Amino acid sequence: MIYSHSRLETFKTCPKKFYYNYIEKPDIEKKNSIEAFMGSMVHLALEKLYTDLKFLKINSLDQIIDYYLECWNKEYDEKKIEIVRTSYSKDNYMEMGKQYLTDYYNRYKPFDQGKTIGLEMQIPIRFYDEDTDTLYNLTGYIDRLTLVSEDHIEIHDYKTNKNPKNQLELDCDKQLALYQIAIEKMYPDVKKIDLVWHFLSVDLEMRSSRSKDQLENLEKEIISIIKEIEHARRKDYFPTNPSALCDWCEFKMICPMTAHNQKTKNITDENEYLNEPGVKLVEEYKKLNSEKKKVLDEIDPKLEKLKEAIIKYSIDNNLEKIVGLDSSLLVKCYENYKLPGKDTKERELLENLIKDNNLWIDLSDLSYIKITEFVNNSVFSEEFLNKISLLLNKEKTHRIYQNSKK
Ligand code: SF4
């Protein structure tokens with residue numbers, strides 16, 4: 001399989017979506033989100049702007065907007081595009097794209113910030129994993145590659161999503177850094193490569209760069225994600241990972257996590273909804289569970305009182321076994337060491353005592369069962385036992401076991 005940043009991201013976001021998208025490829029009618037559609041139309045308009053600039057043709061803003069609208073009208077197919085945020089219309093999104101292009105145009109005209117080397121440029125990226133002697137192939141698409149000076153290149157990416165990333169996120173972003181690895185190999189004489197994001201929704205340009213070490217670490221990280229994917233493929237294990245992004249997932253109609261919700265969400269008739277077999281099962285289950293809880297809430301206090309009475313009877317009469325008609329109860333008394341409560345001075349002393357005596361490996365979970373077992377089986381030295389006894393309280397607990405025989 002040839003990997004790409006978006007394939008790896010899809011796997012990290014939801015393995016099931018990765019499976020549908022790149023392995024099973026189910027024959028379903030997929031819908032593109034209006035956000036993604038608007039983004040691709042904006043990309044087309046910017047591609048035209050910079051392609052024409054290579055021929056020394058500077059389009060006016062109106063020409064770019066006209067081109068954007070022409071692409072929009074030609075490509076828009078309402079059967080294939082979904083508006084998830086239903087309070088906004090197709091026109092709202094179309095206007096947003098126009099605004100993004102207008103802001104971008106006004107900010108950068110006359111577009112003399114560098115010379116364009118590539119647009120929507122496909123680049124091959126190869127990683128060799130020495131451990132497994134495997135060569136992994138990736139591919140990427142750079143929105144725009146710009147030569148600023150003879151030894152200085154910028155990798156540009158246009159983002160049309162509503163929320164820009166912050167600097168910390170960009171300094172860890174994998175996509176453009178991955179492209180930098182390929183560009184360094186393609187242009188070995190270049191000394192400086194900048195990663196540039198254009199967050200068009202807020203008319204913001206942000207930058208970052210990567211050191212050699214960071215790129216080496218990224219390569220290791222990418223190889224490890226690819227290995228995770230290859231492992232999932234061998235095991236055929238691609239679990240669902242539901243999130244807010246499911247609303248925008250092209251596979252939500254068939255995904256086991258969302259398909260039923262999708263199937264029933266358009267049923268407006270309440271009776272029809274309640275009679276849908278899945279809905280009926282859920283409602284019946286909910287009803288019985290709530291009835292069970294009510295019964296348990298009633299019985300539990302009675303059972304506790306009964307247990308107290310049984311224990312008292314066994315203590316008063318010095319009995320470990322109490323018989324009924326054809327069954328019996330065993331009443332066992334255990335003596336345990338109660339640990340001091342968390343965040344108390346005694347607890348801190350106990351922890352220090354255990355550490356000072358090199359017993360932390362065995363007792364770090366501070367389980368009263370394990371400490372009781374160690375005390376009862378004389379595992380501790382007498383000196384340690386004397387010290388620890390000062391911090392522990394002995395307490396008796398009773399347990400009741402039902403026996404089906406007398
Ligand atoms: S609907 Fe959600 S859980 Fe299902 S495949 Fe898509 S992203 Fe994953």
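User: Why does Arg207 count as partly exposed?
Analyst: Its relative accessibility is 34%. Buried means under 20% relative accessible area, exposed over 50%, and partly exposed is what falls in between (1.4 Å probe, protein chains only), so Arg207 at 34% goes in the partly exposed group. Bear in mind that this is a predicted model, where local features need pLDDT of at least 70, side-chain atom pairs count only at pLDDT 80 or more, and totals for chains, interfaces and linings use all residues. Residues are numbered from 1 along each chain as its sequence is written, and side-chain values use heavy atoms, leaving out hydrogens and water.

User: What makes Arg207 and Glu154 a salt bridge?
Analyst: The rule asks for a side-chain nitrogen of Lys or Arg within 4 Å of a carboxyl oxygen of Asp or Glu. For Arg207 and Glu154 the closest N and O atoms are 3.0 Å apart, so the pair qualifies. It links strand 8, which holds Arg207, to strand 6, which holds Glu154, 53 residues apart. Strands (E, at least two residues) and helices (H or I, at least four) are DSSP runs numbered from the N terminus.

User: Why is Ser208 called buried?
Analyst: Its relative accessible area is 7%, so it falls under the limit for buried. Ser208 lies in strand 8 and touches Gln167, Leu170, Asp171, Asp194, Leu195 and Trp197, leaving out residues up to four places away in sequence. Touching, or contact, means heavy atoms within 4.5 Å.

User: Why is helix 2 described as largely enclosed?
Analyst: Of its 10 residues, 7 are buried, so the rest of the structure largely encloses helix 2. The buried ones are Pro15, Lys16, Phe18, Tyr19, Tyr20, Asn21 and Tyr22. Strand 1, helix 1 and helix 8 are among the elements covering them. Just after helix 2, Lys25 takes a positive phi of about 45°.

User: What makes a set of residues a nonpolar core, and how many residues does the largest have?
Analyst: A core is a set of buried Ala, Val, Leu, Ile, Met, Phe, Trp, Tyr and Cys residues joined through side-chain atoms within 4.5 Å. The largest has 43 residues, and Leu138 and Ile155 have the most contacts inside it. Helix 8 gives the largest share, 8 residues. Leu138 is in contact with Leu8, Phe127, Leu178 and Ile222, among others, leaving aside neighbours within four places in sequence. Apart from this core lies another, of 29 residues, including Phe37 and Met94.

User: And Leu119, buried or exposed?
Analyst: Leu119 is at 17% relative accessibility, so it counts as buried. It is found in strand 4, and its C-alpha atom is 24 Å from that of Ser33, 86 residues away along the chain.
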